[in-house]
Amino acid sequence: MAANTIHAIYTDDDVLMNAVKQTRAENYRISEIYTPFPVHGLDEAVGLAPTRLAITAFLYGLVGFTVAVAMMNYIMIQDWPQNIGGKPSFTFYQNMPAFIPIMFELTVFFAGHLMVITFYMRSRLWPFKKAENPDLRTTDDHFLMEVDAENHDVEKLTQFLYKTGASEINLIQIEQDH
Amino acid sequence: MATNYMYTLPSKLKLFSIILVVAGLIGIVYGFMTTPKTVEDVKHILSAQEDHHSANGASAEATNFVDTARGEIGYSEAALKQSKDLGEDSHGSSSHEEHVLHQMQTRPWSATFVSAFFFLMIGLGILVFYAIQVVSQAGWSPVLYRIMHGMTAFVLPGSIIVFLLVVFAGTHFFPWQNDELVAGDKILQIKSGFLNFPFFVIRAFIYILGWNLYRHFARKYSLEQETASDYTPFRKSFKISVYFLAFFFITEAFMAIDWFMTLTPHWYSTLFPWYVFSSMFVSAITALALITIYLRGKGLVSFISDKHLHDLAKYIFAFSIFWTYLWFSQFMLIWYANIPEEVAYFVIRIKEYNLLFFGMLILNFVFPFLMLMNSDYKKVPWFIVMTGIVVLVGHFIDIFLLVMPSTVGQYWHFGIPEIGALCFFLGLFILFVGNGLSKVSLRPKNDPFITESENYHF
């Protein structure tokens with residue numbers, strides 16, 4: 001069985017935005033969009049669910065904060081209290097002003113790095129992965145919208161996409177294993 | 001649409017603010033009338049307090065937070081005794097009672113100054129925020145310009161009152177003005193080239209003159225733009241805003257040094273002007289957000305969308321963190337270095353103002369940080385109002401803590417003089433800002449960026 005998709009190529013992000021809105025209004029399914037740069041509001045227009053990355057970032061930040069507190073408490077208070085510049089080192093809170101930069105740094109470090117790793121995993125990106133990009137021009141100055149043509153009249157769909165401002169339309173047949 | 005975007009101060013609100021002004025004035029006058037006049041009065045008050053303490057059976061000198069945190073009993077006493085600014089003889093007094101007398105006499109001045117400056121800094125902060133918008137040719141904010149102009153209406157009366165306060169506050173407020181004290185103090189003699197009364201008055205005059213001139217012309221050009229056929233008024237506005245920003249950041253630095261840092265003339269901190277500025281900026285933007293939400297609730301600014309509120313809330317969030325960053329940078333370096341001249345500043349604040357000092361951090365940092373972190377919450381008006389009120393209270397405490405510990409020391413209360421001053425200036429602020437807002441239509445016309453601003457989305 002062959003699955004039909006249509007690749008409509010646009011040359012301007014505003015035209016693409018309008019095309020996305022019109023295409024969705026006509027109840028065609030957009031399976032993917034490739035753009036050379038992030039287009040503001042496109043995720044909302046395509047109908048993607050809001051990202052939960054921010055929530056994970058907050059949780060990672062909490063983890064980093066906790067690690068910093070536990071680490072500094074173990075190193076500087078429990079295990080080997082040191083007299084640095086005459087600062088009291090017998091309880092955590094007495095020495096806390098000195099620990100705050102570390103708490104801040106580790107919070108940011110954990111939130112930042114783990115968020116990037118989460119983003120890569122969620123986007124199915126890893127080192128040496130072969131690019132899934134269907135058209136090299138989308139890394140330069142073209143925008144590609146992938147429309148599911150499965151149960152639609154291809155001729156009519158093509159006409160419609162031209163009207164939305166597409167500069168080029170390709171019908172792609174993908175052989176799928178059962 | 002029939003609406004013409006004109007605001008009028010409701011008569012009930014006007015009456016309310018007039019009552020605030022009158023009641024506040026009575027409170028301020030009461031504060032000045034009831035200060036002790038002689039050393040005998042002070043002795044009487046102190047012995048009454050002592051009786052009160054022993055009647056309660058409270059142990060006179062329990063270990064305080066500073067000593068505990070330093071792990072050294074008597075640390076805070078020694079630090080304060082050694083301090084040239086906060087010790088017994090720091091204001092040139094011959095006895096303990098005389099020193100206390102001077103502190104108590106300074107209290108109504110300090111109370112009035114704290115509130116006067118707090119509301120002035122809201123107006124000033126908006127003025128510089130406006131200048132930044134014009135200079136950066138911001139596309140999102142022109143819809144807010146008329147509200148900003150309305151709020152800066154308080155700069156003129158506020159700055160005149162603050163000017164009079166700092167000029168007449170006297171030697172107990174600004175110890176370096178005491179000639180006898182300077183005569184016996186080498187450091188103050190060296191500083192007297194800058195810290196002398198005539199130059200101090202001239203500087204203060206230059207600050208308020210510059211701020212008010214900019215306020216006048218910025219508003220004038222912006223209103224001229226409404227009827228202009230080209231963008232000449234906008235270009236003029238851009239030009240003076242550039243000069244104003246340079247002028248403002250220099251004068252703001254000197255203002256913070258003159259009016260706050262020289263309350264303790266031996267103590268200095270290089271990031272202090274920035275610290276005062278951060279407090280000013282975040283309070284101003286918070287007040288702007290609150291007033292915008294109020295006007296939106298009246299249906300007068302339908303052209304201001306949730307997106308604009310979202311951006312204001314981002315500013316509140318970001319500058320609350322900025323304030324904390326500066327607060328902590330100043331605190332940690334002084335805590336770590338532990339140099340006697342510097343550390344007394346924090347010792348007195350932590351010892352005598354413990355709850356306010358650390359509570360302020362929760363109000364100004366933890367609360368807005370957690371409340372406004374989520375992007376969706378930044379668009380919910382009542383969330384912004386709730387956070388905004390807490391932030392304003394927090395920054396009022398911040399200004400309170402900049403002034404009171406240095407002038408009144410441990411003899412502070414939040415009593416009639418403080419509440420009176422707060423009511424007085426709040427009432428005055430409502431009157432002037434309400435009047436300023438009602439002058440012209442709240443919807444700017446013909447600004448080069450107004451269309452972009454009204455269609456603002458992201």
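1. The centres of domain 1 and domain 2 of chain A lie 48 Å apart, taken over C-alpha atoms. Domain 1 of chain A comes in two pieces, 2-36 and 141-175. Domain 2 of chain A covers 53-122. Keep in mind that this is a predicted model.

2. Now chain B. Chain B has 18 helices.

3. Next, the dimensions. Along the principal axes, the C-alpha atoms of chain B fill a box of roughly 70 × 45 × 45 Å.

4. How much of chain B is buried? Of its 458 residues, 44% count as buried. A residue is buried here if 20 or more other C-beta atoms lie within 10 Å of its own.

5. Look at the contacts inside chain B. Take those with a separation of 6 or more. Residues 24 or more positions apart account for 83% of these contacts.

6. Then the meeting of the two chains. Ten residues of chain B are in contact with nine residues of chain A. Which elements of chain B give two or more residues to the side that touches chain A? They are helix 3 (65-70) and helix 13 (306-337) of chain B. Helix 13 of chain B gives the most, with five residues.

7. Last, the makeup of that side of chain B. Seven of the residues touching chain A are nonpolar. Two are polar, and one is charged.

Key
Residues numbered from 1 in each chain as written. Chains lettered and ligands numbered in written order. Predicted model: local features only at pLDDT ≥ 70, side-chain atom pairs only at ≥ 80, totals over all residues. Helix = DSSP H or I, 4+ residues; strand = E, 2+ residues; numbered from the N terminus. Buried ≥ 20, exposed ≤ 12 C-beta atoms within 10 Å, placed from the backbone. Contact = placed C-beta atoms within 7 Å. Nonpolar A, V, L, I, M, F, W, Y, C, P; charged D, E, K, R; others polar. Domains from an automatic or database assignment.
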